Amino acid sequence: MDRKMIAEIVNASGISAGEMILIHFWGEDADREIANSFLVAVAEAGATPVLLQQSRTVNRDIFLAAKDSCYSGRYFDLLSQFDAVFDVFAYQPVILGYKIDDEKFELYRKYMAQLFSALMKCKRFLQIRIPTAANAEGSGLEPQDYIRRMERAYDVDYAAIDKACRQAIGRFEGVNEVRLRTGKDCELSLDLTGRRWHIDAGDGDLPCGEVYIAPLESKTQGTVYFEEFYLDGVKYEHVLLCVKDGRVSGSSQPAVMAFFEKQPRENSVVCELGFGMNPGVTELCGYTTLDEKMCGTFHIAVGANDMFGGTNAASDHIDFVGCGTIDW
């Protein structure tokens, strides 16, 4: 990821001159040039860049030495005052990666909980995954394949994506119910009454490119078909899901149904309908972060949606991506 691409990401975030921007960087000094490029891009946009680096090696040493008095409420109050947080990670966030004794680890865990509580009070919070071999570990893809796909998803015209997203949700203005048609005879009805569409065109979860909404949790009814279906790291083919009163009630694939039968009730609620809008994602690969952004696809999700206008609080949020048509 070069400086030009990083500058485009920063500009697409909605940054304004005079804002205070926190670059919250998860990585070692070997990857520090990435953080530096974000600092430069923020300054070029006329905003004030501030860096907070979360290095696993440094955090290990800090929390081996830290006392209860090290991080007071004043520290977290300061961090809650930024206009935007760019949560940039060169490797998986939060994980310390080192064994320390239970008392010190509890101090680290408490610090992280208070840290994110503070950062989520900022006006905007962006999550930016850097295309690195370390980040590929959780994707199910080979490192070079992951990096190639991610860079293509980032190397897009953000203004064009924003325009396309706004046009897409404009089609649904005033629409209270939609029908998703998939496969041969499958139809899924979703009630959108009173719910609001959201746009992710560079100011949320990156790579970006989707529109999405939280349908009424108890109203989704029907069946939906997926040619490829990824669940819990396993790929299934030609999967049918049955939905009754908003919950997954059956599947053509026994292993898929067995998974849902083990879940708490709230984790099987259909909680999201979305459509991919990123032209840089051209094929499904099983990595949901990319798949759900692919142009020409829909995704439905089960689980939590209380963070984007729904009422279902759950311990998980799982997206399923497919192709179909929509009408109302």
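1. **Strands S11 and S12.** S11 joins strand S12 (residues 247-251) through 4 bridges, and the two run antiparallel. Strands are DSSP runs of E with at least two residues, and helices are runs of H or I with at least four, both numbered from the N terminus. Two strands count as paired if DSSP finds at least two bridges between them. Val-243 stands opposite Val-248 in S12. The hairpin of S11 and S12 has 2 residues between the strands. There, Asp-245 takes a positive phi near 50 degrees.

2. **What kind of model this is.** This model is predicted: local features need pLDDT of at least 70, side-chain atom pairs count only at pLDDT 80 or more, and totals for chains, interfaces and linings use all residues. Residues are numbered from 1 along each chain as its sequence is written, and side-chain values use heavy atoms, with hydrogens and water left out.

3. **Strands S10 and S11.** Now step back along the chain. Strand S10 (residues 221-231) pairs with strand S11 (residues 234-244) in the antiparallel sense, over 9 bridges. Gly-222 faces Val-243 of S11 in this pairing. S10 and S11 also form a hairpin, with 2 residues between them. Asp-232 sits in that turn and has a positive phi of about 55 degrees.

4. **The open sheet.** Look next at the sheet of 5 strands. Its order is S7-S9-S13-S14-S15, the sheet is open, and the pairing is antiparallel. Strand S7 (198-200) and strand S15 (317-322) are the edges, since each pairs on one side only. From one strand to the next, the twist averages 25 degrees. Angles run from 0 to 180 degrees between N-to-C directions, with axes fitted as lines to C-alpha atoms, for helices over the stretch in contact.

5. **Inside that sheet.** Strand S13 (residues 270-276) and strand S14 (residues 298-303) pair over 5 bridges, in the antiparallel sense. Gly-274 is opposite His-299 in S14.

6. **A helix across two strands.** Helix H8 (residues 158-170) lies across S7 and strand S9 (210-213). H8 runs at about 160 degrees to S7. Contact means heavy atoms within 4.5 Å.

7. **Helix H1.** Which residues of H1 (residues 3-12) are buried? They are Met-5, Ile-6, Ala-7, Ile-9 and Val-10. Buried means under 20% relative accessible area, with a 1.4 Å probe and protein chains only. These residues pack against several elements, including helix H2 (32-44), strand S3 (84-89) and H8.

8. **The ends of H1.** Asp-2 caps the N-terminal end: one of its side-chain oxygens lies 3.3 Å from the backbone nitrogen of Lys-4. Just after H1, Gly-14 has a positive phi of about 85 degrees.

Technical notes. Buried < 20%, exposed > 50% of the residue type's maximum accessible area, 1.4 Å probe, protein only. Polar contact = N/O pair within 3.5 Å; in protein donor to acceptor, adjacent residues only side chain to side chain.
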